[in-house]
Amino acid sequence: MTAILGVRKVRKSYRMGKVIIPALRGVSFDLEESEFLAIFGPSGSGKSTLLHLMGGLDRPDEGEILIDGSNILELDDDRLAELRLTRIGFVFQFFNLLPKLTALRNVELPLTIAGISEKETLQKSREILKLVGLEERINHKPSELSGGEQQRVAIARALINNPKIVLADEPTGNLDTKTGWEIVQLMRKLNEKKDQTFIVVTHDPNIAEAADRIIHLKDGVIEGIKETPRRKKQ
């Protein structure tokens, strides 16, 4: 397989008053195209910081983030914003849906921002909502949807621009166990059906085991990288 993303000796610290708190201490790994990767670790291990750096939402103090061999840290803010809009999809723990918009309108937003025609936007949004099992709920607002349904809308929105990489930050953290597992199985299905690369940050070992590989992060360093039985069968 081809490496679609590379993390090279990434370090990141935060200042709290006069104290500097290291979040990442020289993290390096490669992500293969079409892979489903879990970044696993306890709270405060640096998981979300790493995800934000890979998505271009923040910049490291040192190191490189490579997508298709190009260092995204060399991009200016406008080109980085374009990269996030067209090539990276984001799924967050708290859904981040606009409460006054329907499921359909929430999913349409990235296409509207990208300047896609209204006809094509509507068609694609309906198709992706059908793919995540919400074709009967497209005109419902977030307050009228369950937590699992809201996360499905968020996943549909993340996929609408057909990104090469989907980054999910604790996507099951705000859901009950059964619904959370259904969301992970949905992401696995989309990973296999659409051949897209997924990175899921989680502190839940059961969720992590659904991935092809697990990177165990603790105190800002990689403690180990494990291939799951699913990966070994491939």
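Q: What makes A208, E209, A211, D212 and I214 contacts of T228?
A: Contact means heavy atoms within 4.5 Å. T228 touches A208, E209, A211, D212 and I214, where residues up to four places away in sequence are not counted. The model is a predicted one, in which local features need pLDDT of at least 70 and side-chain atom pairs count only at pLDDT 80 or more, while totals for chains, interfaces and linings use all residues. Residues are numbered from 1 along each chain as its sequence is written, and side-chain values use heavy atoms, with hydrogens and water left out.

Q: Why is T228 called buried?
A: The term buried is used under 20% relative accessible area, exposed over 50%, and partly exposed in between, with a 1.4 Å probe and protein chains only. T228 has a relative accessible area of 0%, and therefore T228 is buried. T228 is found in the loop between β10 and α8 (229–233); helices (H or I, at least four residues) and strands (E, at least two) are DSSP runs, numbered from the N terminus.

Q: How far does the backbone oxygen of A211 lie from a polar atom of the side chain of T228?
A: The distance between the backbone oxygen of A211 and that side-chain atom of T228 is 2.5 Å.

Q: Why is A158 called buried?
A: The relative accessible area of A158 is 8%, so A158 is buried. A158 belongs to helix α5. Its contacts, leaving aside neighbours within four places in sequence, are G89, F90, V91 and P163.

Q: Why is N191 called buried?
A: With a relative accessible area of 3%, N191 is therefore buried. N191 has its place in helix α6 and is in contact with S34, E35, F36, Q196, T197 and F198, apart from neighbours within four places in sequence.

Q: What makes the pairing of D30 and R8 a salt bridge?
A: A salt bridge is a side-chain nitrogen of Lys or Arg within 4 Å of a carboxyl oxygen of Asp or Glu. The side chains of D30 and R8 meet at 2.8 Å, N to O, in a salt bridge. This pair links distant parts of the chain, with D30 in strand β2 (residues 19–32) and R8 in strand β1 (residues 3–16), 22 residues apart. The structure holds 13 salt bridges.

Q: Why do D30 and R8 count as partly exposed?
A: D30 counts as partly exposed because its relative accessibility is 35%. R8 counts as partly exposed because its relative accessibility is 32%.

Q: Which parts of the chain does the salt bridge of K164 and D68 link?
A: The side chains of K164 and D68 meet in a salt bridge at 2.9 Å, N to O. The pair links distant parts of the chain: K164 is in the loop between α5 and β7 (165–169), and D68 is in the loop between β4 (62–67) and β5 (70–71), 96 residues apart.

Q: Why are E182 and K178 separated by about one helical turn?
A: E182 and K178 are separated by about one helical turn because they are 4 residues apart in helix α6. Their side chains meet in a salt bridge at 2.6 Å, N to O. E182 counts as partly exposed at 35% relative accessibility, whereas K178 counts as exposed at 59%.

Q: Which residues do salt bridges that share partners join into one network?
A: D68, R87 and K164 are joined into one network by such salt bridges.

Q: How do the residues of the lining of the largest pocket divide into nonpolar, polar and charged?
A: The lining holds 12 nonpolar, 3 polar and 2 charged residues. Ala, Val, Leu, Ile, Met, Phe, Trp, Tyr, Cys and Pro count as nonpolar, Asp, Glu, Lys and Arg as charged, and the others, Gly among them, as polar. On a 1 Å grid over the protein atoms alone, a pocket is an open set of points where a 1.4 Å probe fits, with protein on both sides within 12 Å along at least five of seven lines, and lining residues have an atom within 4 Å of a point. Of the 17 lining residues, R84, L85, F90, P110 and R157 lie nearest the centre of the largest pocket.

How values were computed
A polar contact is a pair of N or O atoms within 3.5 Å; within protein, one must be able to donate a hydrogen and the other to accept it, and residues adjacent in sequence count only if both atoms are side-chain atoms.
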